[in-house]
Amino acid sequence: MKKILIMAGDGIGPEIVAEAIKVLDVAKARFGLEIETDEALVGGAAYDASGDPLPEESLAKARAADAILFGSIGGPKWDNIERDKRPERGLLRLRSSLGLFANLRPAILFPQLADASSLKPEVVSGLDILIVRELTGGIYFGQPRGIREESGERVGFNTDVYSESEIRRIARVAFELAMARGKRLCSVDKANVLEVTELWKEIVTDMASEYPQVELSHMYVDNAAMQLVRAPKQFDVLVTGNLFGDILSDEAAMLTGSIGMLPSASLDEQRKGLYEPCHGSAPDIAGQGIANPLATILSLAMLLRYSLDRGDIATAIEQAVEKVLEDGLRTADIYTDGCRKVGTAEMGDAVAAALRA
Ligand code: NAD
């Protein structure tokens, strides 16, 4: 029996995860899905309970699970505690302890929400791209790093580093995903300036012969940032390193209008994964019952597709979300005139009902 660990976290985390659990319960009943669920503390909530944003017990449960459904962590309450104990550290440690090196961020624009984007509807309507970001290497982790004294002033420095094997394993994930989608892969680098991405480009190019059906292209990161707002539908799958991926995936996120709609997955080599909405804990609206739960519900769909091999249930959940949007239900963040404004629980109930139907 597959095990899913629920880590709701802080702020709006518990509110949005509760709605995804409603949808999971319906999925279990409708599809005869046999899974076990468990819960664990993470982030500020875990720090308050135990002095550690990722207690040993939570990490042990995460290791034992096949997949993790994660809410969000952090908030002003914990902004001034020592760096190592901050909620974000809990999530970073969880990702690195589990070897979750592949971050998948789809940017899909449901046609019903085309007006929510800041770009013209014809530029974004029907958008369906997937950004694959390397998550455990590159400049965010490279050594040496720090701030040192040099010639009487402080100098900050970091190291961007990727080994061949790190590049190969993330490229493999991207090629495989491209095979299962539109068969087009764009690798993003800055090979004209950075040696580390020169190697990146060389390895990705070398691997293309293993995937003759995939049309591979390369783009410098500055051009990719521009093309994403100029003509985003030219892309199918993009693959890039940690730093560029961080920035481009947020840019792609905004093409869709609301951060409240965007799911994500972080996978290891066996496709065990951590699934979470792209947004944070939204302390400004926590506890008000108005957060959009759809990113978390769509993260659950990704969990079923990638870690539990149940693409059929994932598609049914995505269709239920689309049906609810078609019916005109909107949380405040995606609301436009003429629609019906609903709260977090009502949105979750509506998706659950559409999935049951
Ligand atoms: P945020 O994503 O929490 O919020 C940005 C804005 O988007 C806010 O106005 C918020 O109300 C809105 N928003 C976010 N999610 C929403 C939803 N589901 N429905 C409706 N509106 C939504 O980013 P932030 O304000 O920069 O960070 C807040 C806290 O979250 C910080 O402590 C930060 O460190 C943390 N954070 C956590 C994660 C994570 O858990 N993976 C990611 C990013 C930020």
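This is a predicted model: local features need pLDDT of at least 70, side-chain atom pairs count only at pLDDT 80 or more; totals for chains, interfaces and linings use all residues.

Which domains does the domain assignment give for the protein chain? I found domain 1 (1-109 + 260-357) and domain 2 (128-255), with bounds that come from an automatic or database domain assignment.

Residues are numbered from 1 along each chain as its sequence is written, and side-chain values use heavy atoms, with hydrogens and water left out.

**Entry: between the domains**

I looked up the C-alpha centres of domain 1 and domain 2, and they lie 25 Å apart. The contact (heavy atoms within 4.5 Å) takes 14 residues from domain 1 and 17 residues from domain 2. The size of an interface is often given as the accessible area lost when the parts come together. Here the buried area is about 1,600 Å², and carbon and sulfur atoms give 63% of that. I take buried area as the accessible area (1.4 Å probe) that two parts lose on being put together, summed over both. Which residues of domain 1 lose the most area to domain 2? They are F101, N103 and R105, together 43% of what that side buries.

**Entry: α1 and α12**

Next I turned to helices, taken as DSSP runs (H or I, at least four residues; strands are E, at least two) and numbered from the N terminus. Helix α1 (residues 13-31) packs on helix α12 (residues 344-356) at an angle of about 15 degrees, and their axes are 9 Å apart. Axes are lines fitted to C-alpha atoms, for helices over the stretch in contact, and angles run from 0 to 180 degrees between N-to-C directions. α1 is therefore roughly parallel to α12; angles under 35 degrees count as roughly parallel, over 145 as roughly antiparallel, 65 to 115 as roughly perpendicular and the rest as oblique. From α1, the residues I noted include I16, V23 and F31, which meet a set in α12 including A345, V351 and L355. By class, this contact of α1 with α12 has nine nonpolar, two polar and six charged residues. My classes: Ala, Val, Leu, Ile, Met, Phe, Trp, Tyr, Cys and Pro are nonpolar, Asp, Glu, Lys and Arg charged, and the others, Gly among them, polar.

**Entry: α8 and α9**

I found helix α8 (residues 221-230) and helix α9 (residues 242-255) packed at about 10 degrees, with axes 10 Å apart. The two are therefore roughly parallel to each other. V221, A224, A225, L228 and V229 in α8 meet F244, L248, E251 and L255 in α9. I sorted that contact of α8 with α9 into eight nonpolar, no polar and one charged.

**Entry: α10 and α11**

Helix α10 (residues 294-306) and helix α11 (residues 311-326) pack at about 160 degrees, their axes 7 Å apart. α10 is therefore roughly antiparallel to α11.

Most residues other than glycine have a negative phi, and most peptide bonds are trans. I logged a cis peptide bond joining Q143 and P144, with omega about -5 degrees. P144 sits in the loop between β5 (128-134) and β6 (146-150). I also logged K183, a residue other than glycine with a positive phi near 65 degrees. K183 lies in the loop between α6 (164-180) and β8 (184-189).
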